[in-house]
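The sequence and the structure are shown first.

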Amino acid sequence: MRKGNSVLVIGCGTEGLLTVALADYLGADVTAVDINVDKLEMLKSFPHIQATHPNDIEPDTFDYVVEAAGTPQSVQSCFRWLKPGGSVLLIGITNASELPVGQIVRKEQTIYGSIIYRFPKDFAESIEYLSDERFDPTVFISKILPLENYEEAYELALSGNFAKIIIDFQNKGEQP
């Protein structure tokens, strides 16, 4: 991904929001979509990132589409929004999905799959990004709670309306 590329991130869960933050850090023109308006709300503190409903996206718009929702429908929708010659990165996990093979071939689109945990490379790279003050992780950190509030943290995480819930073992309770 080069500076100025247009990137669409489908799904604003923790992985999707992390992708938004990383693509923004790398200089891409980032748009994020989700059907959950609460998740799109998390992006309001990032004024240069467009957050919208999938129905509001025009076809053939993006150089890269990152699928982070992990549903068959979101995988299929990637190709509608991808420019000819563009690339799709699948990071959401779904068992199966139909692909528009004819379109992929005619438009010379590329599909990549990726999973994290290539230790130690991914770990070292993550530390490097998080150490750089230009990288803003707050988009994917919804709440920081002290250890004694672990039950609340668990309930919030289960609700599906938050990204990363962090437990502060030093009980500082600072919010992003």
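## Basis of the description

A residue is called buried under 20% relative accessible area, exposed over 50% and partly exposed in between, with a 1.4 Å probe and protein chains only. At 22% relative accessibility, Asp63 therefore counts as partly exposed.

The model is predicted: local features need pLDDT of at least 70 and side-chain atom pairs count only at pLDDT 80 or more, while totals for chains, interfaces and linings use all residues. Residues are numbered from 1 along each chain as its sequence is written, and side-chain values use heavy atoms, with hydrogens and water left out.

Helices (H or I, at least four residues) and strands (E, at least two) are DSSP runs numbered from the N terminus. Two strands pair if DSSP finds at least two bridges between them. On this basis, 6 strands form an open sheet in the order S3-S2-S1-S4-S5-S6, and their pairing is parallel. Strand S3 (50-52) and strand S6 (110-113) are the edge strands, each pairing on one side only. Direction ignored, neighbouring strands of this sheet are turned by 20 degrees against each other on average.

Within the sheet, strand S4 (residues 62-67) pairs with strand S5 (residues 82-90) in the parallel sense over 5 bridges. Tyr64 stands opposite Ser87 in S5. Helix H3 (residues 72-81) lies across S1, S4, S5 and S6 and runs at about 155 degrees to S5. For such angles, axes are lines fitted to C-alpha atoms, for helices over the stretch in contact, and angles run from 0 to 180 degrees between N-to-C directions.

## The segment before S1

Asn5 is located in the segment before strand S1 (6-10). With a relative accessible area of 10%, Asn5 is buried. Contact means heavy atoms within 4.5 Å; leaving aside neighbours within four places in sequence, Asn5 is in contact with Ala28, Asp29, Asp63 and Tyr64.

## Nonpolar cores

A nonpolar core is a set of buried Ala, Val, Leu, Ile, Met, Phe, Trp, Tyr and Cys residues joined through side-chain atoms within 4.5 Å. The largest one holds 23 residues, of which Leu17, Val20, Val30, Leu43, Val139 and Phe140 touch the most other members. At least two residues of this core come from each of S1, helix H1 (14-25), strand S2 (29-33) and strand S7 (141-146). H1 gives the most, with 4 residues. Another core, of 12 residues, lies apart from it and includes Ile10, Ile57, Trp81 and Leu82.

Beyond its neighbours within four places in sequence, Val30 is in contact with Val7, Val9, Val20, Ala23, Asp24, His48, Ile49 and Gln50.

## Salt bridges

A salt bridge requires a side-chain nitrogen of Lys or Arg within 4 Å of a carboxyl oxygen of Asp or Glu. The whole structure has 5 salt bridges. Asp60 pairs with Lys107 in one of them, the closest N and O atoms being 2.8 Å apart. Asp60 lies in the loop between S3 and S4 and Lys107 in the loop between helix H4 (101-106) and S6, so the pair ties together parts that are 47 residues apart in sequence. Asp60 is partly exposed at 37%, as is Lys107 at 24%.

Lys83 forms a salt bridge with Asp63, with the closest N and O atoms 3.4 Å apart. This pair links distant parts of the chain, Lys83 in strand S5 and Asp63 in strand S4, 20 residues apart. Lys83 is partly exposed, with a relative accessible area of 30%. Lys44 forms a salt bridge with Glu41, whose closest N and O atoms are 3.4 Å apart; Lys44 is exposed at 62%, whereas Glu41 is partly exposed at 44%.
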